[in-house]
Amino acid sequence: MVVRGNNKGEMMEKKNLKRYYMLGTVIIGLMIIAGISYIYLFNKVSHPFDAVRKTRTDIVETHELIDMEKTEKGVMLYWVGKANHGADNMYFVDMVEKSFIGYQWAGGGGHINHDFDRRTPFVFSVQLLNEEQNVSPTLFGVFSDKRIEKLAVRTQGNKSYNAIIYDLKSGEEQFYYIPLIDDVADYKYFVFTITYEDNETVKYIVSDDDISEFQKGKQLYFY
């Protein structure tokens, strides 16, 4: 009789363990489904520009998206923000990558719409972000002369690219960017050509003493 009682108790214990195991399995399954659903919904509602806003919060006071382009490496974002208590416009090109938990900032850079001496007007500004800065190679900058109709660049290998130009809401200046197809970190020169509305053209060259800092992301202002 005692042996039978022990067998019955063991059977009840096994049934309880089985119930606990099944309950635990169900709970873990529900947690996995909830986690996947959260990540899916987060990725669905998040925007590539959110990662840039988070990264650049301490640099500018506002964030206005100008354009966005998907590339093989990630999403390129072209935008402007107010800096120095609204006194200056600062232009950026940033790249974000989509991960399992949403968009993450990958790299980029920017510059203000004037040189150190803001009283001296410049023809145009230019900044290079190459592949070593973890972005799709891009040239970008601003100009305020409304007579400028076209801006182009010629690189090594005699490759030419035309700028994509945007008239901004503020009307203060025009923003442009030039996506470059190839990696350019070893390029020794860039030749820029400005074309005015009367078809007059002016060339500006980045080479020699300027090219090293230019390849590191330093902005230049041409007068």
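Tyr166 stands opposite Phe175, a residue of strand 10, in this predicted model. Strand 10 covers residues 174-179 and pairs with strand 9 in the antiparallel sense, over four bridges.

These two strands belong to an open sheet of five strands, arranged in the order 9-10-6-5-13 with antiparallel pairing. Strand 9 (164-167) and strand 13 (220-222) stand at the edges; each has a single partner strand, so one side of each is left without a neighbour in the sheet. On average, neighbouring strands of this sheet are turned by 20° against each other, direction ignored. As a general point, strands of a sheet pair through backbone hydrogen bonds, in either a parallel or an antiparallel manner.

Asn113 is placed in the loop between strand 4 (102-112) and strand 5 (124-129). The side chain of Asn113 is joined to the side chain of Glu173 by a polar contact of 3.2 Å. Leaving aside residues up to four places away in sequence, Asn113 touches Asp88, Asn89, Tyr91, Phe122, Val142, Glu172 and Glu173.

Gly86 lies in the loop between strand 2 (75-83) and strand 3 (88-99). Its relative accessible area is 35%, and Gly86 is accordingly partly exposed. Gly86 and Thr62 are separated by 24 residues in sequence, with a C-alpha to C-alpha distance of 8.8 Å in space.

| Residue | Relative accessible area | Class |
|---|---|---|
| Gly86 | 35% | partly exposed |

For the protein chain as a whole, the secondary structure comes to three helices and 13 strands. Of the 223 residues in the chain, 40% are buried. The accessible surface of the chain comes to about 13700 Å², and carbon and sulfur atoms account for 56% of this surface. Among contacts between residues at least 6 apart in sequence, 53% join residues at least 24 apart.

Notes
Residues are numbered from 1 along each chain as its sequence is written. This is a predicted model: local features need pLDDT of at least 70, side-chain atom pairs count only at pLDDT 80 or more; totals for chains, interfaces and linings use all residues. Side-chain values use heavy atoms; hydrogens and water are left out. Two strands pair if DSSP finds at least two bridges between them. Axes are lines fitted to C-alpha atoms, for helices over the stretch in contact, and angles run from 0 to 180 degrees between N-to-C directions. A polar contact is a pair of N or O atoms within 3.5 Å; within protein, one must be able to donate a hydrogen and the other to accept it, and residues adjacent in sequence count only if both atoms are side-chain atoms. Contact means heavy atoms within 4.5 Å. Buried means under 20% relative accessible area, exposed over 50%, partly exposed in between (1.4 Å probe, protein chains only). Accessible areas come from the Shrake-Rupley method with a 1.4 Å probe; for residues, only the protein chains shown count as cover.
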